[in-house]
Amino acid sequence: MAWKQLFENWADALPKIVDLYPHVDAVALQRFRGNRTLFVAYLAATHDLTLREANEGVNDMLWRFGTRREAQKRAA
């Protein structure tokens, strides 16, 4: 899944993001809608990560969400 796809489905993605990163605040996440740089910085700050680690985490999150989405399409 690309960042653009996540942005387009932001409301649906928020609960999944909170499940994956328990120290984020869902209300705060709404401020970063569409802005990956701010999201990565927030994730780094709330989870004691470097910016690089947080960016890698976002890449992993997008991959996971994309994999689940494809599996759901195949099952339907």
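A: **The core and its surroundings**

Along the sequence, the protein reads α-α-α-α-α. It has five helices and zero strands; helices are DSSP runs of H or I with at least four residues, strands are runs of E with at least two, and both are numbered from the N terminus. The model is predicted: local features need pLDDT of at least 70 and side-chain atom pairs count only at pLDDT 80 or more, while totals for chains, interfaces and linings use all residues. Residues are numbered from 1 along each chain as its sequence is written, and side-chain values use heavy atoms, with hydrogens and water left out.

Of the 76 residues, 32% count as buried. Buried means under 20% relative accessible area, exposed over 50%, and partly exposed in between, with a 1.4 Å probe and protein chains only.

The part to look at is the largest nonpolar core, which has 21 residues. Such a core is a set of buried Ala, Val, Leu, Ile, Met, Phe, Trp, Tyr and Cys residues joined through side-chain atoms within 4.5 Å. Leu6, Trp10, Ile17, Leu29, Phe39, Val58 and Met61 have the most contacts inside the core. At least two of its residues come from each of H1 (3-8), H2, H3 (26-30), H4 and H5 (51-75). In soluble globular proteins, nonpolar side chains tend to be buried together.

Ile17 belongs to helix H2 (residues 10-20). Ile17 counts as buried because its relative accessibility is 0%. Leaving out residues up to four places away in sequence, Ile17 touches Leu6, Trp10, Val24, Leu29, Phe39, Met61 and Phe65; a contact means heavy atoms within 4.5 Å. Val58 is 41 residues from Ile17 along the chain, and their C-alpha atoms are separated by 9.6 Å.

Leu29, with neighbours within four places set aside, is in contact with residues including Trp10, Leu14, Ile17, Phe39 and Tyr42. Phe39 and Tyr42 are buried in helix H4 (residues 36-46), and so are Val40, Leu43 and Ala44. The N-terminal end of H4 is capped by Asn35, with a side-chain oxygen 3.2 Å from the backbone nitrogen of Thr37.

His47 sits in the loop between H4 and H5, and counts as buried because its relative accessible area is 19%. The side chain of His47 makes a polar contact with that of Thr46 at 2.9 Å. A polar contact is a pair of N or O atoms within 3.5 Å; within protein, one must be able to donate a hydrogen and the other to accept it, and residues adjacent in sequence count only if both atoms are side-chain atoms.
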